[in-house]
Amino acid sequence: MPSERERMVAGEPYDPDDPELVAARRHARTLTSEYNDTEPEESDRRRDLLAELFGAVGDGVAVEPPFRCDYGDNIAVGDEFFANFDCVILDVAPVAFGDHCQLGPGVHVYTATHPMDAEERRGRESGEPVTVGDDVWIGGQAVLNPGVTVGDRAVIGSGAVVTRDVPADTFVGGNPARVIREIE
């Protein structure tokens, strides 16, 4: 029988109050608290903490504190990834960023989902992965919802709420986000 963690990562309904998951979230909170308390000149310490927190970390990664996440180990970031202040990633399912991605301040990425039926929602949730390609720029206060894929070289406007996949080489904005134009 799969563990609650295995169910969670697979996108199946799981119990978030499972002791293993509670301990894993607590561990992530400890690491993010340590990270958020670092000084700007502590770049080596920041790198070490991100390497311990994230599932995969490329070269030249920078995340401005404060930063928040659920588990951390479901997050993979490529080379030259940058996240500005107040980034939140709810990573109950895998979140993958390609190389040369930039996140503006206050960007939120959500993988957690909940049943629409109120009774089913009590004590159960699930998740859908979020995948972001290479060379993507996500403007400040944008939100990526569960299950979306963002294509290479896409630009997401500030404040956009992304509820469906974003094609490569497009600029999207609005709520819900829609393609505004292609990028040449």
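User: What makes the contact between D152 and R153 a salt bridge?

Analyst: The side chains of D152 and R153 meet at 4.0 Å, N to O. A salt bridge is defined as a side-chain nitrogen of Lys or Arg within 4 Å of a carboxyl oxygen of Asp or Glu, so the pair is given this name. The model is predicted: local features need pLDDT of at least 70, side-chain atom pairs count only at pLDDT 80 or more, and totals for chains, interfaces and linings use all residues. Residues are numbered from 1 along each chain as its sequence is written, and side-chain values use heavy atoms, with hydrogens and water left out.

User: Why is D152 called partly exposed?

Analyst: D152 has a relative accessible area of 29%. Buried means under 20%, exposed over 50%, and partly exposed in between (1.4 Å probe, protein chains only). The value for D152 therefore falls in the partly exposed class. R153, at 40%, also counts as partly exposed.

User: How many salt bridges does the structure hold, and what makes R124 and E4 one of these pairs?

Analyst: The structure holds seven salt bridges. The side chains of R124 and E4 meet at 3.7 Å, N to O, and are counted as a salt bridge. R124 lies in the loop between α4 (118-121) and β11 (126-127) and E4 in helix α1 (residues 4-9), so the pair ties together parts 120 residues apart in sequence. Helices (H or I, at least four residues) and strands (E, at least two) are DSSP runs, numbered from the N terminus.

User: How do you know whether E4 is buried or exposed?

Analyst: E4 has a relative accessibility of 19%, and therefore counts as buried.

User: What makes D73 and R5 a link between distant parts of the chain?

Analyst: The side chains of D73 and R5 meet in a salt bridge of 2.5 Å, N to O. D73 is in the loop between β3 (67-69) and β4 (75-77) and R5 is in helix α1, 68 residues apart. R5 is buried, with a relative accessible area of 16%, whereas D73 is partly exposed at 40%.

User: Why is D37 called exposed, and where is D37 found?

Analyst: D37 has a relative accessibility of 59%, and so counts as exposed. D37 is found in the loop between α2 (19-36) and α3 (43-53).
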